[in-house]
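Have the structure open beside you as you read.

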Amino acid sequence: MFATISQIATFAAAPSNLLPAVGLLGLIIALARRRSAGLWLASLGIGGTLIAGILPIANILIRPLEERFPRYQEDGRPIDGIIVLSGAVDLARSLDRGEFSLNGAAERVVSFMEMARRHPEARLIYTGGSAGGRSRSEAQLAAEQMKRLGLSTERLLIETASGTTWDNARNTKALLGDRAQGRWVLITSASHMPRAMGCFRTVGLTVIPYPVDYQTRGATDTIRPFTIVGQGLQRLDIAAKEWLGLFGYRISGRTSSFFPGPDPVGSPGAT
């Protein structure tokens with residue numbers, strides 16, 4: 001139920017959906033002979049779409065998410081396991097075309113395989129991406145592709161039931177059981193890392209953050225406008241989804257703080 005509500009809320013609150021819908025509603029109202037109110041609403045929707053798509057509002061909102069956790073640094077110590085969250089595979093296109101297809105979060109899979117190569121002693125977990133009525137899940141497709149690329153699947157565990165970040169954390173903890181102790185690395189998009197870390201902490205699984213898939217290049221992006229409206233709106237959708245997700249997860253008890261951050265130096269989860 002929570003996953004369904006979350007998906008509906010995400011769709012409705014996505015600026016790329018909400019702003020044009022406001023503009024369309026305004027035009028409908030104007031045609032219904034409430035010209036003044038309709039044109040005002042249409043101008044709000046159309047103007048808001050252009051402003052949100054051109055000005056660097058998305059970058060201003062997404063940079064605090066991406067900068068919340070530092071980039072992962074190898075320290076020479078062994079790794080017990082590596083966890084990657086689903087979200088990098090275009091499941092529908094992969095199955096319909098019969099060809100493994102990645103989306104804009106492809107760095108999750110790339111970094112996962114790179115870490116697996118650097119740490120042959122580590123156990124591997126690919127969690128999430130439920131099939132949703134299709135023949136195979138994202139985790140299954142990813143495992144098949146990684147095997148074709150030479151990754152030994154003997155040390156790879158896949159978890160196929162998760163549909164939310166909360167499910168990822170809870171199901172991974174259950175899958176690992178007693179093996180959850182040790183140094184586990186968590187790979188996911190940088191903007192998604194605060195919510196993911198909050199969930200894993202809540203279920204009692206200590207992980208080391210490995211943020212990837214950065215959307216911004218740095219501080220200068222906060223003053224650099226977009227040249228294509230669609231790009232600005234797409235990035236704003238990502239930012240809105242994460243901030244709304246942090247709010248929803250906090251009030252539902254899935255995280256213990258609104259904006260989870262790095263552990264204090266010296267704590268069990270610190271790097």
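E114 is partly exposed, at 32% relative accessibility; on this scale, buried is under 20% relative accessible area, exposed is over 50% and partly exposed is in between, with a 1.4 Å probe and protein chains only. Before going further: this is a predicted model, where local features need pLDDT of at least 70 and side-chain atom pairs count only at pLDDT 80 or more, while totals for chains, interfaces and linings use all residues. Residues are numbered from 1 along each chain as its sequence is written, and side-chain values use heavy atoms, with hydrogens and water left out.

Back to E114. Its side chain meets that of R118 in a salt bridge, at 2.8 Å from N to O. The term here covers a side-chain nitrogen of Lys or Arg within 4 Å of a carboxyl oxygen of Asp or Glu. Both R118 and E114 sit in helix α6, four residues apart, or about one turn of the helix. Helices (H or I, at least four residues) and strands (E, at least two) are DSSP runs, numbered from the N terminus.

Put together, E74, E114 and R118 are linked in a network of salt bridges. R118 is partly exposed, with a relative accessible area of 31%, and E74 is partly exposed as well, at 36%.

How many salt bridges turn up across the whole structure? The search finds 11. Here are three of them, including one between R63 and E67.

| Pair | N to O distance |
|---|---|
| R118 and E114 | 2.8 Å |
| R63 and E67 | 3.6 Å |

Now for the rings. A search of the whole structure gives four aromatic pairs. Rings of Phe, Tyr and Trp (its six-membered ring) pair if their centres lie within 6.5 Å, and planes under 30 degrees apart count as stacked, over 60 as edge-to-face and the rest as tilted. W243 and F258 have ring centres 6.1 Å apart and planes at 25 degrees, so they count as stacked. W243 lies in helix α10 (residues 229–251) and F258 in the segment after α10, so this pair ties together parts 15 residues apart in sequence. W243 is partly exposed at 21% relative accessible area, and F258 is partly exposed at 37%.

W243 also pairs with F259, this time tilted, at 5.2 Å centre to centre and 45 degrees between the planes. Here too distant parts of the chain are linked, with F259 in the segment after α10, 16 residues from W243. W243, F258 and F259 form one aromatic cluster.

F259 has a charged neighbour as well: R68 lies over its face, 4.2 Å from the ring centre. To count, NZ of Lys or CZ of Arg must be within 6 Å of the ring centre and within 35 degrees of the ring normal. Elsewhere, R195 lies over the face of Y249, at 5.0 Å from the ring centre.

On to the interior. A nonpolar core is a set of buried Ala, Val, Leu, Ile, Met, Phe, Trp, Tyr and Cys residues joined through side-chain atoms within 4.5 Å. Which residues touch the most other members of the largest one? Of its 26 residues, these are I82, F112, Y126, M146, V185 and I187. β1 (81–85), α6 (107–118), β2 (123–127), α7 (138–148), β4 (184–189) and β5 (208–212) each supply at least two residues, and α6 gives the most, with five.

M146 touches F112, M113, Y126, L151 and L156, leaving aside residues up to four places away in sequence; contact means heavy atoms within 4.5 Å. Another core of 19 residues lies apart from the largest one, and I125, A169, A196 and C199 are among its members.

Finally, β5. Five of its five residues are buried, with I208, Y210 and V212 on one side and P209 and P211 on the other. β4 and β5 run parallel, joined by five bridges, and strands pair if DSSP finds at least two bridges between them. V185 has I208 as its bridge partner in β5.
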